[in-house]
Amino acid sequence: MFRTLRRALCVAAALLLPLAGTQSAHADVDARAGAGYWHTSGRQILDAAGQPVRIAGINWFGFETANHVVHGLWARDYKSMIDQMKSLGYNTIRMPYSDDILKPGTMPDSISYDGKNTDLRGLTSLQVLDRIVAYAGQAGLKIVLDRHRPDAAGQSALWYTASVPESTWIANLKSLATRYQGNPTVVGIDLHNEPRDPACWGCGDTARDWRLAAQRAGNAVLSVNPELLVMVEGVQSYNGANGWWGGNLMGVAQHPVQLDVPNRLVYSAHDYATSVAQQPWFGDPSFPANMPGVWDRYWGYIFKQNIAPVWLGEFGTTLQSAVDQKWLSTLVTYLRSTSEYGADSFHWTFWSWNPNSGDTGGILKDDWQTVDTVKDGYLAAIKAPGFAGGGGSGPDPGGPGGGTAACSAAYTVSSDWGGGFNAEVKVTNTGGVPLKSWKVSWTWTGSQKVTSMWNASHTQSGATVTAVNATHNGSVPTGGSASFGLGGAPGGGGAPSVSCTAT
């Protein structure tokens, strides 16, 4: 979506669908899971080895706009952005784009090459996307491509327009699927963002029936890259019940999407709070206790009845109102905590990484550096371990460790602009038993001070810093790893020697 284009929608009627009991089995998310292409099994997504994985990510928009590239590269190096996403515990990037970037010779705009992004100079938008995909894969992040708009001018209710017909839409989807064939960093494609009225689901009109269009496009994608996941969003209205654009999946119960390749379908919904638009359920006297029932009706039943995985591709808020704060807290609980349910959970990508999303803001503040720790903190319980990077090889688990707890830490400067810097610290469990908690210490040789830290808390005495795990990343399996990030000033200090202690 682009936030300023959204309109409020009302619910004319509620379609209550029977819900199956939730599964009680807890499928743990392994820190090294995620290698290879993914497929589905019931309501779960599994990696190539059959391990369950959880998409727990972030939207980074810009390729769909007139800049034809992700935003923020005027302020940051793209690698430092991806490093920071990873250090915060996001494992997947939803990457919106418009069909404009597939036009020959489309060039990106608003990239700073002054000491950053130097390897992007002279590249087309698609070539920049290639670089982002490559670096994300090295870092252990996955990418879901999102056909957000037919062109940079704005979103479209249907999957086609007069200037971008269905044939172009499908040809471009196939082109991207072919471009990244054999590269499992790109695990899926979201076929079209936020279909809305007059789009229908199951009405049979080929000009309006989004379910039929999704089948045509999904099968076209799978015809050239049968390993990809196909993400299909909802519509706005079904049988008189209206909701968020793309957020109404009520029709799946009677009219499921049918793809030629089995176990590749993921349904996707969007959900927002009052900073985007008012909805009747926000004024219900029982709010927020009424919200799980609303989500069950619109999209949650698909997961609860074990029909298919459900991915909340967009949700966000400025968090300024008490209503929005209650909404987000209730939604996070509904999505199921990773510590309790592992990957037997809803998948998600938060809107957005960018601070310049008009009615939600972002995880980053307006300086494109500082993390909104309050907003990010709401998501801590549903974050999930990252995936094996650099071609799928997991971290070296080391020796058996004699059944004792042990860890090591590696400190990497991800960006340095003289007046300040960002760094990432990776903690690896080198012992023979899972870590319950850890702390990392180092001493700078200069006058550096920590100005911010995410995914850990810290104390600093003189030049010595001690960082202790956050509540969501203290537990690390044998051979697994966790990361935290920090900002500091001044820059130019290099990477100090670090020590790790299992506590």
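Strands β14 and β15 (residues 421-429) run side by side in the antiparallel sense, paired over 9 bridges. Strands here are DSSP runs of E with at least two residues, helices are runs of H or I with at least four residues, and both are numbered from the N terminus. Two strands count as paired if DSSP finds at least two bridges between them. If you want a spot to look at, find Cys407, which stands opposite Asn429 in β15. Before going on, keep in mind that this is a predicted model, where local features need pLDDT of at least 70 and side-chain atom pairs count only at pLDDT 80 or more, while totals for chains, interfaces and linings use all residues. Residues are numbered from 1 along each chain as its sequence is written, and side-chain values use heavy atoms, with hydrogens and water left out.

Now step back to the whole sheet. It is an open one made of 4 strands in the order β14-β15-β20-β17, with antiparallel pairing. Which strands stand at the edges? They are β14 (407-416) and β17 (449-454); each has a single partner strand, so one side of each has no neighbour in the sheet. From one strand to the next, the twist averages 25 degrees. Helix α1 (residues 78-88) packs on this sheet and touches β14, β15, β17 and β20, where contact means heavy atoms within 4.5 Å. The direction of α1 makes about 125 degrees with that of β20. Such angles run from 0 to 180 degrees between N-to-C directions, and the axes are lines fitted to C-alpha atoms, for helices over the stretch in contact.

Next, the charged side chains. A salt bridge is a side-chain nitrogen of Lys or Arg within 4 Å of a carboxyl oxygen of Asp or Glu, and a search of the whole structure finds 15 salt bridges. One of them joins Arg94 and Asp190, at 3.1 Å from N to O. Arg94 sits in strand β5 (residues 92-98) and Asp190 in strand β7 (residues 186-190), so this pair links distant parts of the chain, 96 residues apart. Are these two buried or exposed? Arg94 counts as buried because its relative accessibility is 0%, and Asp190 is buried at 0% as well. Buried means under 20% relative accessible area, exposed means over 50%, and partly exposed is in between (1.4 Å probe, protein chains only). Arg94 and Asp190 also belong to a network of salt bridges together with Asp146, Glu233 and Glu314.

Another salt bridge connects Arg147 and Asp99, at 2.6 Å from N to O. Arg147 lies in strand β6 (residues 142-149) and Asp99 in the loop between β5 and α2 (125-139), so the pair ties together parts 48 residues apart in sequence. Arg147 is buried at 0% relative accessibility, and Asp99 is buried at 3%.

Most residues other than glycine have a negative phi, and most peptide bonds are trans. Yet the bond joining Phe287 and Pro288 is cis, with omega about 5 degrees; Pro288 lies in the loop between β11 (265-272) and α5 (291-304). The peptide bond from Ala489 to Pro490 is cis too, with omega near -5 degrees. As for phi, Leu319 is not a glycine but has a positive value of about 65 degrees. Leu319 is in the loop between β12 (310-316) and α6 (322-335), and counts as buried at 10% relative accessibility.
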